Amino acid sequence: MAELITYREAVAMALAQEMERDDTVYLIGEDVAAAGGVFKTTPGLLERFGERRVRDTPISEEAIVGAVMGAAMNGLRPVAEIMFSDFLATCWDLIANQIAKTRYMTDGQVALPLVIRTANGGGVRFGAQHSQSLENWAMSVPGLKVVAPSTPRDVIALMAASVRDPDPVIFFEHKGLFASRGEVPDGELVGRLGEASVVRSGSDATILALAAMVPKALQAADELSARGIEATVVDLRCLVPLDTRTILSAVAETGRVFTVEENPRLCGWGAEVVSIIVEEAFYDLDSPVVRITTDHIPLPASDILEDATIPSVTRIVDTVTRSLD
Amino acid sequence: MNVAAVAGPDLDTRLRIYRMMLEARRFEERSYQLFLEGLVKGTTHLGIGQEAVAAGFSAAMRADDLTFCTYRGHNHTLLRGAPPGRLMSELLGRSEGVCGGKGGSMHLTWAPTGAMGSYAIVGAHLPIAAGSAWAAVERGTGQVAVCFFGDGATNIGAFHEALNLAVVWDLPVVFVCENNLYMEYTPIGSVTAVERPAADRAAAYGLEGLLVDGNDPDVMYETASDAIALAREGGGPSLIEAITYRHGGHSRADPGTYRPDEEVRQWLARDPIPMYRTRLAGAGASEEQLGGIEQSVEAWIEAAVEEAKAAPEPSLDSIATEVWADGGSRWRN
C-alpha cells in the first residue's frame, strides 16, 4: 500500500533502507546525529543505527569530505552531509580535485563509492550564500555523478542507487521541496541513475526541468493546457549520467523545447542540454530552443525579489505561450 | 636537535633501512637524469636528502598500513612497495606506469601495497588519511594510516581540520611533517606564527609536540614504531615534526639559490646516507655487507630504468578509460 510522505522524510527513509541493508554505509555531517539534521532530514537514524554509524562532525567541511573519501578507499560506503550546497565551496578541492579525479589518476586502482548529500536551492529567503542551485558546479567536473530528485519517491529510489553506485555521487536535496508530499510504495525502492522521467505527455512542447522546477513546470503545463497547449514535462533527475535518449525523443515528438533552470543563466545545465539538442536534433526543431533561468545574479533574500528572479509558473506559461504564438 | 639518543633497531633492520635509503636516492638521481634527457616530462619534486623519513617509517609499518604522501612522493611510494620499473615508467608517462601514465610524478599511487596516493594540492590528504583510519577502526582491521606532508601544509586549513577530527574521533593516524625548512622558495619561519610549524601546533589539539631529527633513520624508525604502536593500540593520532633538508630546489625548475651557502654546506654534511653508513660500519656491519647492498642497488636501479625506457607509450585508447568504475567515461546514454 502506498504511503504519503514528505520529501524530507524520504531522505531519512532512504538512508535507513540502505543502512539496514549494508553495514558499511555510514552517515556523517554537522548536526546529522543528535539533532537529526538542521533540515530534519536525518531524525531517528542515530537511535536506530547507533553513534558509530551516524556521527556528528565539527564544522569542518574539508574534514568531512576528506573523511568520507579516505573511508571509501578503505572499505566503507560513507554518506556525508554538507549542510548547504553553498558550503561545497569550502571543500571543493576535496570534491573536484581529489574525489572526482582519483579513479582516473590512479588508472582504476582506487574506487570511491561515496555520496555527498547537500541541501540545495532557493525559494526560502536565505539569501545569496544559502540558496544557490549548484548542480552545475558538480556537472562540470569529470568524475562526479550528479543527482537532483524532485519527489519523495525519487529521493528514496535515487538515494539507494547513489549509495550502491561504485562511483562518487553528489546528491542535491532541494530545500524548497522538503515539505512537499508524495506517494511511495511499500518495500525496498531502488532506482537507476541516468534515467529521466517523462512526468507529463503533450505534443506541442517539451519542458525540461530539474528538482524544484519540476512541480513548477507541471503546474505551468496544466495552465498551458487550459490555453490549448499540451506540453510534455521531463524531470531530468540526474545530470550525470544524462538521459539524452529521453530528452531527444521528447524533442522529436514535440519540436519545441524549453528548459526551466533554477541556476543563474551562464553555463547552466540547460546550456549543455540545448547544445546537444542543436547538434543532434536540429531538424526536429520547429522553433528556437528557449532557456528559462534565474537571472545571472546572486540570489536576493527578499521574498519579492527572490520570487521575481527564480523561474515562476507564470514566467514558464508566458514564455511558452509567446514562443508558440 | 633536541633528541635523546636511541638504541636503534637490530642490524638486519638497519641494513634494510640503509638499502631503502639508497634505493630512494638512486631512484631520485636517475629521475633527475631522465628529466634532463627529456624523458621525464612536466615537473619533479625530488626527495634527495629526506630519505631517512620515508625509510624509517616504511620499515616500521605493517604490510597493510596505509601511506599518504605529497607531490614530493617518489620516496614514499617506492619504499612502500611500488615496483620500481613501473614507478619509473609512470614518470616517463608510459602505459606500464603504476597509473598508466595518467598520474605522473606528482600523483603516484600503488594501492596493492598501501601507497594510497601522492597528493599535490597542499594539505588535502590529511583529512583523507584520517578518513581511511576511521574506516580501519570501524572495520576492525588494525591498520594505521601514516600521512606525510611538508612544513608548508601546516598553514592550510585542512591541516587543522584533520588534526581536530582525528583527535576528536581518536583515529589511528600518524601525521608526519617533513620540515625541510622551506615552503617552496620561502623560509617556513618567515611565514609561520610559531617557531616549529607542526610541533608547536600540537598542543592546540591536545597532542604532544614531537620534534625529531629527520635525517637520522634510527630516530625515524623508533619514532615511527612508537607512534604506530600507539595508534594501533587505540591511543589515537600523533603529530611528528621531522627536521630535514632537501638537497636541491623545490622542483626541477628551482636551483634553490635562495638558501645560504653555509646552510646548504652544513646540511650536505649531514646527508643521512653516508652518516648512516658510518654508523652501521661502527655497529658491526661489514664492508662486504654494505658494499654488497650498494652494488645490488646499482643493478636494481639500472633494471628499473631500462624497464621504463623499454615500456611502451600509452595507447590513445586509454585516454577515456577509468573515469568510472565500469572502466569508461560515458556521461550520457
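# A chat about chains A and B

Author: Let's start with a proline: Pro241(A) is found in the loop between strand E12 (238-240) and H8 of chain A. Keep in mind that this is a predicted model.

Reader: Okay! Is the peptide bond from Val240(A) to Pro241(A) cis or trans?

Author: That bond is cis, with omega near -5 degrees.

Reader: Nice. And what is there to say about the phi of Asp107(A)?

Author: Asp107(A) has a positive phi of about 55 degrees, although this residue is not a glycine. You'll find Asp107(A) in the loop between H4 and strand E5 (115-120) of chain A.

Reader: Let's switch to the contact. How many residues does each chain bring to it?

Author: Chain A brings 49 residues and chain B brings 43 residues. In chain A, the residues that lose the most area to chain B are Asn74(A), Tyr104(A) and Gln109(A), together 18% of what that side buries.

Reader: And how much area do chain A and chain B bury between them?

Author: About 3900 Å², with 59% of it on carbon and sulfur atoms.

Reader: How many salt bridges are there between chain A and chain B?

Author: The count is five. One of them joins Arg52(A) to Glu138(B), where the closest N and O atoms are 2.8 Å apart. As for polar contacts, 25 residue pairs are counted between chain A and chain B, with both residues at pLDDT 80 or more.

Reader: Which residues line the largest cavity?

Author: Both chains are represented: the lining includes Gln98(A), Thr102(A) and Met105(A), along with His107(B), Met116(B) and Tyr119(B). H4 of chain A and strand E2 (115-119) of chain B are the elements that give two or more residues to this lining.

Reader: Which element gives the largest share of that lining?

Author: E2(B) does, with four residues.

Reader: Last one: how does the lining of the largest cavity split by class?

Author: Seven residues are polar and three are nonpolar, with no charged residues.

Definitions and conventions
Residues are numbered from 1 along each chain as its sequence is written. Chains are lettered from A and ligands numbered from 1 in the order in which they are written. This is a predicted model: local features need pLDDT of at least 70, side-chain atom pairs count only at pLDDT 80 or more; totals for chains, interfaces and linings use all residues. Side-chain values use heavy atoms; hydrogens and water are left out. Contact means heavy atoms within 4.5 Å. Buried area is the accessible area (1.4 Å probe) that two parts lose on being put together, summed over both. A salt bridge is a side-chain nitrogen of Lys or Arg within 4 Å of a carboxyl oxygen of Asp or Glu. A polar contact is a pair of N or O atoms within 3.5 Å; within protein, one must be able to donate a hydrogen and the other to accept it, and residues adjacent in sequence count only if both atoms are side-chain atoms. On a 1 Å grid over the protein atoms alone, a cavity is a set of points where a 1.4 Å probe fits but cannot get out, and a pocket is an open set with protein on both sides within 12 Å along at least five of seven lines; lining residues have an atom within 4 Å of a point. Ala, Val, Leu, Ile, Met, Phe, Trp, Tyr, Cys and Pro count as nonpolar, Asp, Glu, Lys and Arg as charged, and the others, Gly among them, as polar.
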